[in-house]
Amino acid sequence: MKLGILISGRGSNMAAIVDAVASGEIPDSEVAVVISDKADAAGIVKAKDRGVEAVVVERRGRTRAEHDAEIGDALESRGVELVCLAGYMRLLSPEFVRRFAGRIVNIHPSLLPAFPGLDAQKQAFDAGIKITGCTVHYVDEFLDHGPVILQKEVERLDSDTVETLTQKILAEEHQLYIDALKKLAG
Ligand code: GRF
């Protein structure tokens with residue numbers, strides 16, 4: 001399974017996936033390319049340090065569809081079969097979703113369909129929720145929406161702050177994304 005990973009920032013989920021592919025935890029797979037829409041994304045260095053090709057495709061005032069078409073070409077030219085969104089902060093165009101129909105997955109730091117969108121951990125915290133978590137799901141053209149592949153619960157303790165809750169969820173995200181890709185690769 002040839003993976004292409006889209007990022008916009010830190011890239012810790014991307015790094016977890018690359019490491020799990022390298023160690024064989026995700027079997028019969030290869031990370032063909034990491035693509036960032038931000039030139040200063042910290043994840044670009046993490047990808048290169050791991051020997052993975054990292055490409056920057058900025059929006060540069062183009063339409064969403066034009067930008068996504070260039071990303072799609074970069075993925076297809078490298079034979080990518082599954083597109084993994086890992087902190088990619090841009091909504092994909094309907095054209096891109098159709099082009100890779102059923103072959104795009106995303107991770108989100110809440111138990112979807114609860115708390116889609118930005119700052120999901122803070123949304124859950126502010127709502128006083130006792131159980132939140134993370135979700136890996138197939139991507140459709142709506143934000144943080146599409147069939148769920150795997151979810152993992154995380155308990156919010158009375159002693160938690162938004163920051164500690166976010167850290168606990170992130171640690172679970174890394175393993176959940178690996179587990180979801182093992183499921184899809186197997
Ligand atoms: C993660 O919390 C992910 O669920 C969300 O954005 C964050 C990205 O973190 N979509 P990283 O770039 O993988 O470190």
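This is a predicted model: local features need pLDDT of at least 70, side-chain atom pairs count only at pLDDT 80 or more; totals for chains, interfaces and linings use all residues.

Modeller: Buried here stands for a relative accessible area under 20%.

Two strands pair with β1. One of them is β2 (residues 30-36), which runs parallel to β1 and is joined to it over six bridges. Within that pairing, lysine 2 has glutamate 30 of β2 as its bridge partner. The other is β4 (residues 82-85), also in the parallel sense, with four bridges to β1. Together with α1 and β2, β1 makes up a β-α-β unit that is right-handed.

Helix α1 (12-22) also takes part in the largest pocket, as one of the elements that supply at least two residues each to its lining; the others are β5 (104-108), α5 (120-126) and α6 (162-185). The largest contribution is that of α6, with four residues. The pocket holds about 800 Å³ of space. Its lining has 34 residues, and those closest to the centre are Gly87, Tyr88, Met89, Ile107 and Pro109. By class, the lining divides into 14 nonpolar, 14 polar and six charged residues.

Next, the salt bridges, of which the structure holds 13. One is between glutamate 76 and arginine 99, with 3.0 Å between the closest N and O atoms. This pair links distant parts of the chain, 23 residues apart: glutamate 76 belongs to helix α3 (residues 64-77) and arginine 99 to helix α4 (residues 94-99). Glutamate 76 is partly exposed at 42% relative accessibility, and arginine 99 is partly exposed at 28%.

Helix α5, already named for the pocket lining, contains both aspartate 126 and lysine 122, four residues apart, or about one turn of the helix. Their side chains form a salt bridge at 2.7 Å, N to O. Aspartate 126 counts as exposed at 52%, whereas lysine 122 is partly exposed at 41%.

Lysine 130 and aspartate 158 form another salt bridge, their closest N and O atoms being 3.9 Å apart. Lysine 130 sits in the loop between α5 and β6 (131-138) and aspartate 158 in the loop between β7 (148-155) and α6, so the pair ties together parts 28 residues apart in sequence. Lysine 130 is partly exposed, at 49%, and aspartate 158 is exposed, at 73%. Finally, Glu25, Asp179 and Lys182 are joined in a salt-bridge network.

Technical notes. Residues are numbered from 1 along each chain as its sequence is written. Side-chain values use heavy atoms; hydrogens and water are left out. On a 1 Å grid over the protein atoms alone, a cavity is a set of points where a 1.4 Å probe fits but cannot get out, and a pocket is an open set with protein on both sides within 12 Å along at least five of seven lines; lining residues have an atom within 4 Å of a point. Grid points are joined across faces, edges and corners, and a volume is the space filled by probe spheres set on the points. Ala, Val, Leu, Ile, Met, Phe, Trp, Tyr, Cys and Pro count as nonpolar, Asp, Glu, Lys and Arg as charged, and the others, Gly among them, as polar. Two strands pair if DSSP finds at least two bridges between them. A crossover is right-handed if, with the strands pointing away from the viewer, the path from the first strand over the helix to the second runs clockwise. A salt bridge is a side-chain nitrogen of Lys or Arg within 4 Å of a carboxyl oxygen of Asp or Glu. Buried means under 20% relative accessible area, exposed over 50%, partly exposed in between (1.4 Å probe, protein chains only).
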